[in-house]
Amino acid sequence: MNETQVNNIVALVVADLDSDAESLARTVKSLEYANLRPAILSSTTLGHVAYSDYDKSYFDPNTQTISAAINGFIQHFTEKHILIIAAGTIFPRGTKVELENMLESNPASVLRLRTRVVRPIQSMTQAELNELILATSNSRTDSVASNRNSSTAAIVVPRERLHFLCGFKPSLREFNLTVDDFLKRCRKFGISEKWLSSELGVYTLAARMNKRRESRPVATPGEAPDSSLFGDLENWVSQTVGTPLVSIVISTYNRADYIADCLYSIQSQTVQNFEVILVDDGSTDNTSDVVASFDDPRIRYFRRSNAGISASRNFGARQSRGHFIAVHDDDDIMLPWRLECQLKSLAPGDHGSFGVSVHFDHDTGEMHRLVHRLFNIQTALRYGNNPTHPTWLIRADIFRQFEYDETLKSGVDNNVAMRMIRSGVRMRHTGESLILRRLHGGQITRSAGEIQQASAKLSQRMLKFANGAAEDPANTHTSEEWLSGLAADTFEKSVRPYLPDHLVERQVLTHVRSTASDDEYRDVLPNTAGVRISRQARHQGDWTTARLFSDVTWRDMATLRKAGIDFSAVEGPVGTPIDAVIKTIGAHVADGRSDCTWVMQSTSPSARSAASSDKRAEVVFTVVDQVDLKEGVQKLQREDRAGASAGDSEPFLVVRAATDLGRLLGAALKNSRRLP
């Protein structure tokens, strides 16, 4: 392999719980002979790995899955291609020749290597193992080629593709399942997959001859991965590539009073793998000063002479570098889950997604949802308009094929929607509230409403003419109307906490999966009062700490997110510490930010005493997260007694949703001899 290609590929050797030092050494040695640079990821149970010349990383199987560990390690690689290979796998020197040719002819494809299992009659000598490493052809009669589905011991992935898919699903704990899931997602996205034609491939040794340890995983097996086409959307950051996952394109003109809220809401997204293309269409106010106050390299600010919103959006789309483009308006607010929800909703064949917008009055905070219809020709022919434009998220290559008509003064979104529908663009409805649309006096929809309606009608007629539809739109089939399934009160509770700061009093509970220490929290929000909450993770035995913050601003939420701390918000005054914890955790789990949906207050005397304490007091609460009610109540008793004796915490029980929860809870309380 030539020097350039050697420098453009790194071999990640993954040593899981079943790996030993001998099998790891075989793989590293084979890679050295193939002139490939190894990087080693091993479990802490393997002990110290003494390869001083190579990059190394370790993971604790008690607290981290192997897939999450791989994600954390490979995000910092800079090579163009990554060979991901299981420890114990032998990469023959002869395989490198075909790999070199395949990299030259298929630089954007995932390369597959056939696994050959060697089943010798007796233990192999070191000389025989060396022959496998130096092999240029398959000369062993005791080797059997695995079928393609089972050949997951080694793959070569373009780094760009790995970043696009956000790595591996972090819930997976076995190497072969991790690789298999990744390959399936590649196929669903249409990423090319090529097989090395050589009969050599890579070698593995049959388990009985490989001296593999019979080891039971220390950690509880992870749950099945979700159906999302992406790996780890929330934690993946493309630090070593210039291609973010999403480009958020915004055209702005004299919106200095609103642009800060807009940008803070973007910074607060659960998905942080984005860039903002902010095109200033000749503003005469202090918009540039407001944008300059945001010290965030992901915000790319372009100031141009006034040319209109269509020209600005077209310019922004051309400047974008992301795989997807998200449309957003400069006076709107993104709900924190918008990008995550839209990306996870995508299915094979979709070009993009959209969702529900919630309108709010800037002065009064009054809110209402729009009726949203599916993005299809029936909607366009019957109603002449399209699903809310500021919620669109579309593949960038598709988006750039449909520029906004710069000759139109208004209704440009309807026009481009009609052309997309006519061309067969598929947009999936998420069914979720994605943005808060601010209603105020300076909007185009208010100042140019008649022009917008006329433009929409014109676009509708053009579409009807192109499709030969009847002149009367009533003759077309009614398009399905779609509202979020949330009840009105639940809908209000879920989105109202994210109104602008002048309209809501807000509390924030940092997400229980965060592991930031108390000192780190204080560094993030040093001037915000809070309540400490300790929590026992359901799959692990360690304790983590979360905090409940009061009087939190949009800027504070953006600060938390930039520090890697997840959160959920709830509206309302602080109240006493127990009141705040009950209300906020309840909203947190009901909002879907956890796999639990119910909270029970402790009935201990010390808990009742804390309820009457100063609302700003620094009270510690223990949250016991359980699936089984009986076990959970028993644990609640133990933590209650321990906390009371130590005088430092009050327990709460968080349980998962269940049929007839009241009956089950009553039985659990009775069986544990704890009656309310």
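Modeller: Two strands pair if DSSP finds at least two bridges between them, and the strands themselves (E, at least two residues), like the helices (H or I, at least four), are DSSP runs numbered from the N terminus. This is a predicted model, in which local features need pLDDT of at least 70 and side-chain atom pairs count only at pLDDT 80 or more, whereas totals for chains, interfaces and linings use all residues. Residues are numbered from 1 along each chain as its sequence is written, and side-chain values use heavy atoms, with hydrogens and water left out.

The strand to start with is β6, residues 115-118. With strand β7 (residues 143-145), β6 pairs in the antiparallel sense over three bridges, and in this pairing R116 stands opposite A145. With strand β10 (residues 202-205), β6 pairs in the parallel sense over four bridges, and here V117 stands opposite T204. Buried means under 20% relative accessible area, exposed means over 50%, and partly exposed lies in between, all with a 1.4 Å probe and protein chains only.

Contact means heavy atoms within 4.5 Å, and V246, apart from its neighbours within four places in sequence, is in contact with residues including F324, L339, L343 and L393.

Next come the aromatic rings. A pair of aromatic rings is described by the distance of the centres and the angle of the planes. Rings of Phe, Tyr and Trp (its six-membered ring) pair if their centres lie within 6.5 Å, and planes under 30 degrees apart count as stacked, over 60 as edge-to-face and the rest as tilted. By this rule the count comes to 12 aromatic pairs. In one of them, the rings of F168 and F182 have their centres 5.1 Å apart and their planes at 50°, so the pair is tilted. F168 lies in the loop between α6 (159-164) and α7 (175-188), while F182 lies in helix α7, so the pair ties together parts that are 14 residues apart in sequence. Both F168 and F182 are buried. The rings of F399 and Y404 have their centres 6.0 Å apart and their planes at 65°, so that pair is edge-to-face. F399 is buried, with a relative accessible area of 5%, and Y404 is buried as well, with a relative accessible area of 5%. Ring pairs also link F164, F189, F230 and F324 into a cluster.

A charge sits over a ring if NZ of Lys or CZ of Arg is within 6 Å of the ring centre and within 35 degrees of the ring normal. R313 lies over the face of Y404, at 5.4 Å from the ring centre, and the charged end of R114 sits over the ring of W195, 5.6 Å from its centre.

R437 is found in strand β20 (residues 427-439), and it counts as buried because its relative accessibility is 15%. S42, in strand β2 (residues 37-43), counts as buried because its relative accessibility is 0%.

Finally, two loops hold residues with a positive phi. C166 has a phi of about 60° although it is not a glycine; C166 sits in the loop between α6 and α7 and is buried, with a relative accessible area of 1%. N254, also not a glycine, has a positive phi of about 55°; N254 lies in the loop between β11 (246-252) and α9 and is partly exposed, with a relative accessible area of 29%.
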